[in-house]
Amino acid sequence: MPDLYAFTDGACFGNPGPGGWGVLMQAKSGDRVLKARELKGGEGDTTNNRMELMAAIAALEVLERRSRITIITDSTYVKGGITAWIQRWKANGWRTSSRKPVKNADLWQRLDKVASHHNVTWEWVKGHAGHAENERADELARLGMMPFK
């Protein structure tokens, strides 16, 4: 069975402003890519963090059956939120430790729900550092933004 990867990124022109998200999905056997799929989308008035979240959500929502997948993001917000902060937010009724509402709670809840249907490993990669798949996800995010710019 091939290993499944999703390289995700978000982009925003202004913050808030028009934004886009992109996903490069790959099924791999070792270093060999067996199949690839690209996803993109955007919104007219959003933030970079919302687009980063939407990329991860889109990668998981497109899966047709329970899967084991590694999501690679350059967003410390997404990686930290889903691996470290989300359980505390849920326990606190979607409030931060300072009792303020969690920003983007609607998308965090959507991501939490869809991630629960899969076996997800979360990895962080430095953005804009020559990582080919991350660079392609960034290109897709910028393309996803274009109709709203």
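Trainee: Which residues does Asp74 touch, not counting those up to four places away in sequence?

Mentor: This is a predicted model. In it, Asp74 touches Thr8, Asp9, Glu52, Trp124, Val125, Lys126, Gly127 and Asn134. Asp74 itself sits in the loop between strand S4 (68–73) and helix H2 (76–91).

Trainee: What makes Asp74 a residue with no salt bridge?

Mentor: The nearest side chain of opposite charge, Lys126, is 9.7 Å away.

Trainee: Why is the pairing of the Asp74 and Asn134 side chains called a polar contact?

Mentor: Their distance is 3.4 Å, and the cut-off is within 3.5 Å, so the pair counts.

Trainee: How do you know that Glu38 and Arg136 form a salt bridge?

Mentor: Their closest N and O atoms are 2.8 Å apart, and the limit is 4 Å, so the label applies. The pair links distant parts of the chain, with Glu38 in strand S3 (residues 32–46) and Arg136 in helix H4 (residues 132–145), 98 residues apart.

Trainee: Why is Arg136 called partly exposed?

Mentor: Its relative accessibility is 25%. Buried means under 20% and exposed over 50%, so Arg136 falls in between.

Trainee: What joins Glu38, Arg136 and Glu139 into one network?

Mentor: Arg136 and Glu139 also meet in a salt bridge, at 2.7 Å from N to O. Salt bridges that share partners therefore join Glu38, Arg136 and Glu139.

Technical notes
Residues numbered from 1 in each chain as written. Predicted model: local features only at pLDDT ≥ 70, side-chain atom pairs only at ≥ 80, totals over all residues. Heavy atoms only, no water. Helix = DSSP H or I, 4+ residues; strand = E, 2+ residues; numbered from the N terminus. Buried < 20%, exposed > 50% of the residue type's maximum accessible area, 1.4 Å probe, protein only. Lys, Arg positive; Asp, Glu negative; His and termini not counted. Polar contact = N/O pair within 3.5 Å; in protein donor to acceptor, adjacent residues only side chain to side chain. Contact = heavy atoms within 4.5 Å.
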